[in-house]
Each structure stands twice: as structure tokens, then as C-alpha cells.
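Here is a short briefing for a first look at this structure. Keep the sequence and the 3D view at hand while reading.

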Amino acid sequence: MKLIILDYSSQANEWAAKYLRNHIIQFNPGPDKYFTLGLLTGSTPLDHPESYHSFMWNKFFKHIDIHPENTHILDGNAADLQAECDAFEEKIKAAGGIELFVGGIGPDGHIAFNEPESSLVSRTCVKMLAMDTILANTRFFNGDLAKVPTMALTVGVGTVMDARKVMILITGAHKVFALYKAIEEGVNHMWTMSAFQKHPRTVFVCDEDATLELKVKTVKYFKGLMLVHNKLVDPLYSIKEKETEKSQSSKKPYSD
């Protein structure tokens, strides 16, 4: 497990973006080699402007080079929700598994919509939302509690644990206790993100504000490793830059 501590949330976000970019470049995806990116969240009904479908298209997919057929989001309007969840798990298997899961956590330490008391070996499923989560989501519904969904489809903790790598962003003083529970205490189903202590390749990326509940020696230890960890985001040639360089090097030099 790696804990990356940056001074500010903007720096944490930039570090995470560079890490993702480098990982994709090193993976070197192609027509028969998929880089499957998992995003830690759930799904609410499709026809709502604050649905996960709307959020992902407006905030992410339409800004990157990706074909619509290569995006897979749980359908909260499916007639058979459990069948939808089962089919999602099969899609993951068919793609060769998740290469990297990226996401955040709630103040109570939940990942995606795996609320406290969720099974740490759960698969994609239907979950009832805790009141804290419902209240936190009222900001997306003009403060109207009655409009906030009370259930959602979500990847399970076990689904995430099967990924080859996991990166979690944790910023802000309101996440301090969750980070403390994840780093300095044991694995506990009441704090589902603590399960990542058992994952061999997890990276937590946080800002200073999120570390306020950690022991001083814990913070100093991980900060002392930053020279090593920053090598993970050292500039790399992009895939297109590599192709351009290869093309140029294959040209014969001019001679009389």
C-alpha cells in the first residue's frame, strides 16, 4: 500500500491524473489489448439529470478519446436489477478484468455505494443507501431530500479487490476519520475502504487536510517516500509520441 500526501487537493488531483496517464502509456493498449478502467461509484435512474450516466458523459467521456461502445455503466432502469448486476460482472470477466480502479470515498469510509456493514467480498449488487449518503447527495437535487434516490446499483468490494491496481483519492478535512480508519486501524466491514489494506497494489492519494487524524510518525514515514513515489508520475512519452519518434527514426538520413 502506498500513501501519497500532497499539500493541496489540486496537487493530489494532478498527481492522480499523471499516474493514470503513465499507467496507460506503460500498459500500451491496442485493438486486442484492453486497458479496462473501473470507476468507483454506482448508478441511479438514467432519466434524471443527476444520474451517473449524465455525470460521466458530461464530466468525463465527452472530453476524452473513447468510443461509446467501450463505456459500460450500470443501468438503474433495468427491468431486472440483479440480472443487470450479474451481466456487469460478466462484462468485466470478458474484458480480462479491471486493470485499474479509480475512485473516492465517503466520510464514513464507504467505497462506491458499499455502505458500512457491507460484505468485503461482495460483487456488483443492489444496495440501499444509508441516510448519511442520502443527505450528502441532496446537494445534487437542490437540497430536496425527497428527490434523492434511496437505492443504487454498485460494484462490490470484492469486485474492486479483484482489480490489478486501485487508486483512491481522499481530500478535505471531512475525510480525516475515514483515512485514519483505512490506514492505521484494521480491516473492518464498518469502514469498507479498509479492505484495501489487503490489496497488493493500492495507492491512496490525499492532501494535508485529510491526514489530520493520522499519527505524526505515519505522515512522516510516507512523506519520506515521496521521492520514490514521484517516479510513478515522471513524464513519459505518450503512445502517439512514441509512434512519431519511431516513424522519424525509421526514415533514412539524407545523403548525396
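The points below cover the sheet and then the nonpolar cores.

This is a predicted model. Five strands form an open sheet with parallel pairing. The largest nonpolar core holds 35 residues.

**The sheet**

- The strand order is S1-S8-S7-S4-S2.
- S1 and strand S2 (37-40) stand at the edges. Each has a single partner strand, so one side of each is left without a neighbour in the sheet.
- Neighbouring strands of this sheet are turned by 15° against each other on average, with direction ignored.
- S2 and strand S4 (residues 100-104) run parallel and are joined by four bridges.
- Gly38 stands opposite Phe101 in S4.

**The largest nonpolar core**

- Leu3, Ile170, Met193 and Phe204 touch the most other members of this core.

**Around Leu3**

- Which residues does Leu3 touch, not counting those up to four places away in sequence? They are Leu179, Ile183, Phe204, Cys206, Leu214, Phe222 and His229.

**A separate core**

- Another core, of 17 residues, lies apart from the largest one.
- Its members include Ala12, Ala16, Leu100 and Val233.

Technical notes. Residues are numbered from 1 along each chain as its sequence is written. This is a predicted model: local features need pLDDT of at least 70, side-chain atom pairs count only at pLDDT 80 or more; totals for chains, interfaces and linings use all residues. Side-chain values use heavy atoms; hydrogens and water are left out. A nonpolar core is a set of buried Ala, Val, Leu, Ile, Met, Phe, Trp, Tyr and Cys residues joined through side-chain atoms within 4.5 Å. Buried means under 20% relative accessible area, exposed over 50%, partly exposed in between (1.4 Å probe, protein chains only). Contact means heavy atoms within 4.5 Å. Two strands pair if DSSP finds at least two bridges between them. Helices (H or I, at least four residues) and strands (E, at least two) are DSSP runs, numbered from the N terminus. Axes are lines fitted to C-alpha atoms, for helices over the stretch in contact, and angles run from 0 to 180 degrees between N-to-C directions.
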